[in-house]
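Subject: Aromatic pairs in the structure

Hi,

Here is the structure I said I'd send over. Have a look at it first, then read on for what turned up among the aromatic side chains.

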Amino acid sequence: MRLPSPFAKLPIVFDAGILQAEALQFPETEWRVHPQDYPGNSALILVSHGGTDNDDSYGPMAATPRLQHCPYLMQVFASFGTIVGRSRLMRLAPGAEVKPHSDIAYYWHDHIRIHVPIITNPGVRFVCDGTEVHMAAGEAWIFDNWRPHYVLNHTQTTRIHLVIDTVGTAAFWRLVSSGLFMPARAPGGDHNLKPRLIAHEPAKKAELAIEQHNLDAIAHPDTVRGVIQELIPDLRKANSTHPRIGELELLLADFTHNWRSIASAYAQSHDGYADYQALTQQTIAVISRNFPEIRLSSNGLPLEQVIQSYLTAFLQPREPRPTV
């Protein structure tokens, strides 16, 4: 999700010692390697599709049995006042790194990732769009993962963060707006506000609202139009002198109009799947053939790569799996 600044530090803090005790209770066998097998990257799954050990982004989410052994972590989840999506403890071994990248999967158009460092040290570098911060243990942060970012752990300490994916609620975004945006402050933030400690309450059992819906089988036309319109200023900024930028904008407008036209006949029914698919494939092919050099200003990525990710996410080949 795009933010007005690379990082935002939220005005709440947690007891890092209790978080560490809960995170370290699990044996090594509970940790999974990164799905792309990045060296030194591993995760312990807390909330996932169906509450099992998987790396799926989509589908009804549920808590894994591990979360029941982490009462303070559950209170941390609840303190953000938001719907909890896919969540994990993410571990970065000494000397390991998260290589530079931008998150352009359609999942991230609506989701933001909360980071709560549990074990870290000042030598761990988190860089987003040229801005570097130290996320101290017990703090809470979000960042704009659409922008290029990377993490370096060139220390002798294993870094562990709690990461919580969420679409946010009004309460959550009000919390964010009162935090500290880096490097530029966003309007409305109170930067004299001291972080509020969310203390452990041993007698309290936190109740979580967990995400059940995160992807339409076929995107609504208003969703398609909104996403495409969001890309236009990004394209103009980097390609204002390109001789065919007007042609490209017309192509994207045609896509949204034709998507709405198909929806007027079939709504979001799979009866219109072949028409939606033909429109999607045709649009991707034209961009690949005619505009391979066009890049976005925000992260420098080829439009072809971004549009492939977005357009294919708009159209799922089968109905979403039911809640079980």
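A quick definition before the rest: a residue is called buried if its relative accessible area is under 20%. W259 comes out at 0%, so it is buried. F255 is buried too, with a relative accessible area of 1%. Do keep in mind that this is a predicted model.

Those two residues also form a ring pair. The ring centres of F255 and W259 are 5.6 Å apart and the planes sit at 45°, so this pair counts as tilted. Both belong to helix α6 (residues 245-266), and because they are four residues apart there, about one helical turn separates them.

Across the whole structure, the search gives 14 aromatic pairs. Another one of them is F7 with F126, where the centres lie 5.5 Å apart and the planes are at 80°, so that pair is edge-to-face. It ties together distant parts of the chain: F7 is in strand β1 (residues 7-9) and F126 is in strand β9 (residues 125-128), 119 residues apart. F7 and F126 are both buried.

Last, a couple of arginines over rings. R91 lies over the face of W31, 4.2 Å from the ring centre. R86 has its charged end over the ring of Y107, at 5.3 Å from the centre.

Cheers

Definitions and conventions:
Residues are numbered from 1 along each chain as its sequence is written. This is a predicted model: local features need pLDDT of at least 70, side-chain atom pairs count only at pLDDT 80 or more; totals for chains, interfaces and linings use all residues. Side-chain values use heavy atoms; hydrogens and water are left out. Rings of Phe, Tyr and Trp (its six-membered ring) pair if their centres lie within 6.5 Å; planes under 30 degrees apart count as stacked, over 60 as edge-to-face and the rest as tilted. Helices (H or I, at least four residues) and strands (E, at least two) are DSSP runs, numbered from the N terminus. Buried means under 20% relative accessible area, exposed over 50%, partly exposed in between (1.4 Å probe, protein chains only). A charge sits over a ring if NZ of Lys or CZ of Arg is within 6 Å of the ring centre and within 35 degrees of the ring normal.
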